[in-house]
Amino acid sequence: MGEAVDVVVVGAGYAGLTAATVLADAGVDVAVVEARDRVGGRVYTEVLEDGTPIDHGGQWVGPTQKRLLALATRTGVETFATYDAGNNIEWIDGVAHTYSGPIPSGDPEVAADLTVAMLDLNLMALDVPLDAPWEAADAEEWDGTTFASWIRESVENPKAHARFALFAQAVWSAEPRDLSLLHLLFYIHSAGGAVPLVSTTGGAQDRRFVTGAQGVANALAARLGSRVRLSAPVRAISQGAEEVTVDGLSAKAAIIALPPTLAGRLIYDPPLPADRDQLTQRVPMGTVIKIHVVYPSPFWRDAGFSGQITAYDGPVRVAYDNSPADGHCGVLLAFIEGDEGRIWGRRTREEREAAVIDAFAAAFGEEARHPARYLEKSWADDEYSRGCYAGLMAPGAWTGYGPALRRPVGRIHWAGTETATVWAGYIDGAIQSGERAAREVLEVLGVPTDKWPALLPESGA
Amino acid sequence: MATQDEILDALADYTTRCNANPKLRKMLRSWSRCVQFRALDTGDSFTIEITMGEVTSQSAGAVGQPDLVIAGTSEDLCDMFWGDLNPAQKYLNGEIKVQGSADDVLRVDAMASLIWIEG
């Protein structure tokens, strides 16, 4: 006879840790099982010898991500503004243009087209119900359209097409052809607009965590103490009338806080209902390699550059200044996303390093050729994420399988940022999902509502 | 600093251009709201009523119960009405503040941005 708890949570990312925290605070006996030897999931901070935190995964927090900000305050993890002073660089046909703000303006005509199309997307997005995208009046049409076909039909200026491809690459680490228009609109609505998704100051990339983004997760895990079990990959879940059993650990309810594609890798007895199982086959993860190059100092700042790069070809299309809060060294961050992530993922580390250094030298000068460190993380190569930033709903997934995303299956409840309604795909969405799943379970367990911890502040405007 | 009369002139032009913009009218077709503008430096207020995507009244002062409040310097409000500044940028920087539901904020952003782009 195995061990028993009230609730078992699978996955110690932000969703799972939040769910477990809510349950523990309500007096429920909870265990969190995590495959990796660390918590945080797709948020992973490596601390270098000199104390510099390197965020290989999710790292930013924006002003409307109130849940994450509240947890940071509660756990005493400080934030600081992302470096956003000086000029951004936009490469157009091999020529560097400088700009500031969220919309690259090297070609003003294209920038205007881009802004108008973004406004169109914003207003279409308002017609997508956040808790049921499949109920939008135009859901069938939009879910049968890829973002690529929408761009071809709706954006006249062909020069603006590459900008929209970059939008897909930067926000979803995918290509426009991978994305259902309905999912794109859902995501925009869930973030409060297209501009907040791509903005540094005032947007999703507004602030960073002084000790790295895993800090809040570490603090939640420390509070949960021995309830969190690391290096314990779950393979099988069985449930009967009385209990659910997760690899020998039995409970009254389980919360699976994994992206759908990882949840689909577990073996269920009895098997999952068809719509839930087929949903997990239609939510692929994005493809991204996140690269950090460490320099003795943030030398580009002195030359008036923000460190931010926008480009429409080559491996490095999005870059940021990712230096530590105290600026004791300089760190440039490059994302290799979508098709480029697929292409460069098949090449060697040395080839990637050479290409990234070339891109930095082209933008910021020869000093970029003398880094102190090169670090990279290919999320598609990580078996416990299978890609990043998030699972994206392929065409037909929302309209064909939407209701199966959050609907519990017997004693099994679903969390994870992919199940969020606000800031879906972000850390903040993961927290919302964990809180929501935990409250479903408190209800099922019959815990009196006066024992439930207060809700975190609502994210959004 | 812009005077109340200067802002009213700009607001009249803004109203005309919003109402004459077919794209905007289509985007806002089912939207009715009371929007108040506050000039923080002069203390002046202005109110517009939007009915089914059309600006149906504009007046000086705080009239009625606003669904949305947009606050900035008199100069910025004036420039925004003339279509001379990028409102999204000012909003992200916190120089123009908007109070209201997230969805309403997106719609007033569309109004101001379209006038800026086409202005």
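Me: How many salt bridges does the rule find across the interface of chain B and chain A?
Reply: One. The model is a predicted one. The salt bridge pairs the side chains of Lys23(B) and Asp120(A).

Me: Why is the pair Lys23(B) and Asp120(A) called a salt bridge?
Reply: The rule asks for a side-chain nitrogen of Lys or Arg within 4 Å of a carboxyl oxygen of Asp or Glu. For Lys23(B) and Asp120(A) the N to O distance is 3.9 Å, so the pair meets the cut-off of 4 Å.

Me: Which helices of chain B supply at least two residues each of the side that touches chain A?
Reply: They are helix 2 (22-27), helix 4 (87-93) and helix 5 (102-118) of chain B. Helix 5 of chain B gives the largest share, 10 residues. By class, this side of chain B holds eight nonpolar, five polar and four charged residues.

Me: How many residues of chain B and of chain A are in contact, and what area is buried between the two chains?
Reply: In chain B 17 residues are in contact with 21 residues of chain A. The buried area is about 1600 Å², and carbon and sulfur atoms give 72% of that. One residue pair between the chains is counted as in polar contact, with both residues at pLDDT 80 or more.

Me: What makes Arg352(A) buried?
Reply: Its relative accessible area is 8%. Buried means under 20%, so Arg352(A) qualifies.

Me: Which residue forms a salt bridge with Arg352(A)?
Reply: Glu376(A) does, with the closest N and O atoms 2.7 Å apart.

Me: Why are Arg369(A) and Asp358(A) called partly exposed?
Reply: Partly exposed covers values between the buried limit of 20% and the exposed limit of 50%. Arg369(A) has a relative accessible area of 36% and Asp358(A) one of 40%, so both residues fall in that range. Their side chains meet in a salt bridge of 2.8 Å, N to O. Arg369(A) lies in the loop between helix 14 and strand 20 of chain A, and Asp358(A) in helix 14, so parts 11 residues apart in sequence are tied together.

Me: Which residues touch the most other members of the largest nonpolar core?
Reply: The core has 51 residues, and those touching the most other members are Phe147(A), Trp150(A), Phe164(A), Phe167(A), Trp172(A), Leu184(A) and Leu197(A). Among the helices that supply at least two core residues each are helix 5 (147-154) and helix 6 (158-172) of chain A. The largest share, eight residues, comes from helix 3 of chain A.

Me: Why is Thr3(B) not called buried?
Reply: Buried requires under 20%. Thr3(B) has 44% relative accessibility, so Thr3(B) counts as partly exposed. Thr3(B) lies in the segment before helix 1 (4-19) of chain B.

Key:
Residues numbered from 1 in each chain as written. Chains lettered and ligands numbered in written order. Predicted model: local features only at pLDDT ≥ 70, side-chain atom pairs only at ≥ 80, totals over all residues. Heavy atoms only, no water. Contact = heavy atoms within 4.5 Å. Buried area = accessible area lost by both parts, 1.4 Å probe. Polar contact = N/O pair within 3.5 Å; in protein donor to acceptor, adjacent residues only side chain to side chain. Helix = DSSP H or I, 4+ residues; strand = E, 2+ residues; numbered from the N terminus. Nonpolar A, V, L, I, M, F, W, Y, C, P; charged D, E, K, R; others polar. Core = buried A, V, L, I, M, F, W, Y, C linked by side-chain atoms within 4.5 Å. Buried < 20%, exposed > 50% of the residue type's maximum accessible area, 1.4 Å probe, protein only.
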